[in-house]
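Have a look at the model first, then read on.

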Amino acid sequence: MESTSSINVSAEIALPRAVGGGSVGPDVRLVEQQNHIVLDNGIIQITISKPGGLVTGIRYAGIDNLLEVGNTETNRGYWDLNWNEPGGNDNFDVIHGTEYYVIDANSEKVEVSFVRPYNPASSWTMVPLNIDKRFIVLRGNTGFYSYAIYEHLSEWPDFNLNQTRITFKLRKDRFQYMAMADNKQRIMPFPDDRMPGRCQPLAYPEAVILTRPKNPDLQGEVDDKYQYSCDNRENRVHGWISFNPLVGFWIITASDEFRNGGITKQNLTSHVGPTSLSMFHSAHYAGEALCPKFRNGEAWKKVFGPVLIYLNSSSLGAPLISLWEDAKLQMFTEVLAWPYSWPASPDYPTAEERGNVTGRLVVLDRGLSSVLRL
């Protein structure tokens, strides 16, 4: 089905901008605490649990924490996956690291690693993967990057990887305006509006009709997170805006190379929560045929990301669209900068380690009277 969302850019784009939103600012610092670390470049401060690697706090533009402070620290910003043994039930797994490493720590860049190695003797059934989650802050950036390396060794058990993603749950008292395309942005319902007594369930759990929303303007509307899906090729930037102060939270994905299903596969973006997702693998809109199944000692390693969590702000009274337009410009900057030069993992190939394919693809379709050239 053809997507109805769109992202346009003015011909007067002023590129290139700096990747990450800026390059000028104080030295980047890594602050070690007992159970947390803080990545601080003087513009943003990212607090991450240690050794779990869960994002518990994002401080920016005068807001102490952009993430939902009413949630537990394990339910704010995290990598997760769904998997199962062949023929078994689906398992949901928030990935808690057990080992913590400092990869780079200098005035220009801090990169940290949270590793969960596979332990076949574990007291609980683990997905047979080594997982290395990385977080990076660069000088002057108004955001941070995250990527991960998943590895399955040949001697490990068979399994299916059904879904993996990054999830961020933002403060519901601040972020109420969502944007994921030029023609798909709006004031959203509160998460409480989906609770019994305020809505009526529809055909499946994700879809409800709002009967007593906190915002009476939304009375009678249908809320369904699948309304905000789009093709991977258009899933480049999406997120939320806080009205006071005027702050934007965006997930920017510069490449499709780590997503399953190709550029026409649809995936989730942002939805009521307020929640923002960076989807890498999923069965949405296609079924499990697109999900990897590892059998008979197949060894596998894959890098997911990096993706940019981009933050921007403006003075009160500025139009909301200004933050969306700025986020779009940053998205185009990230796309032009791909592949990035700074990831420290040797599993992420640099531009010098990549090749190019050029030429012409000719498709001969028996249903057409002539050759179709693409």
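Buried here means under 20% relative accessible area, with exposed over 50% and partly exposed in between (1.4 Å probe, protein chains only). This is a predicted model, so local features need pLDDT of at least 70 and side-chain atom pairs count only at pLDDT 80 or more, while totals for chains, interfaces and linings use all residues. Residues are numbered from 1 along each chain as its sequence is written, and side-chain values use heavy atoms, leaving out hydrogens and water.

**Aromatic pairs**
- Searching the whole structure turns up 24 aromatic pairs; rings of Phe, Tyr and Trp (its six-membered ring) pair if their centres lie within 6.5 Å, with planes under 30 degrees apart counted as stacked, over 60 as edge-to-face and the rest as tilted.
- One of them is Trp83 with Phe159, edge-to-face at 6.5 Å centre to centre and 75° between the planes.
- That pair links distant parts of the chain, 76 residues apart: Trp83 is in strand β5 (residues 77-84) and Phe159 in strand β11 (residues 159-169). Strands (E, at least two residues) are DSSP runs, numbered from the N terminus.
- Trp83 is buried at 2% relative accessibility, and so is Phe159 at 0%.

**A loop-to-loop pair**
- Tyr118 and Trp156 are edge-to-face too, because their ring centres are 4.8 Å apart and their planes sit at 65°.
- Tyr118 is in the loop between β8 (109-116) and β9 (130-138), and Trp156 in the loop between β10 (143-152) and β11, so the pair ties together parts 38 residues apart in sequence.
- Tyr118 counts as buried at 14%, and Trp156 at 13%.

**Charges over rings**
- Lys214 lies over the face of Phe190, 5.4 Å from the ring centre; the criterion is NZ of Lys or CZ of Arg within 6 Å of the ring centre and within 35 degrees of the ring normal.
- Arg354 lies over the face of Tyr348, at 5.3 Å from the ring centre.

Methods
Helix = DSSP H or I, 4+ residues; strand = E, 2+ residues; numbered from the N terminus.
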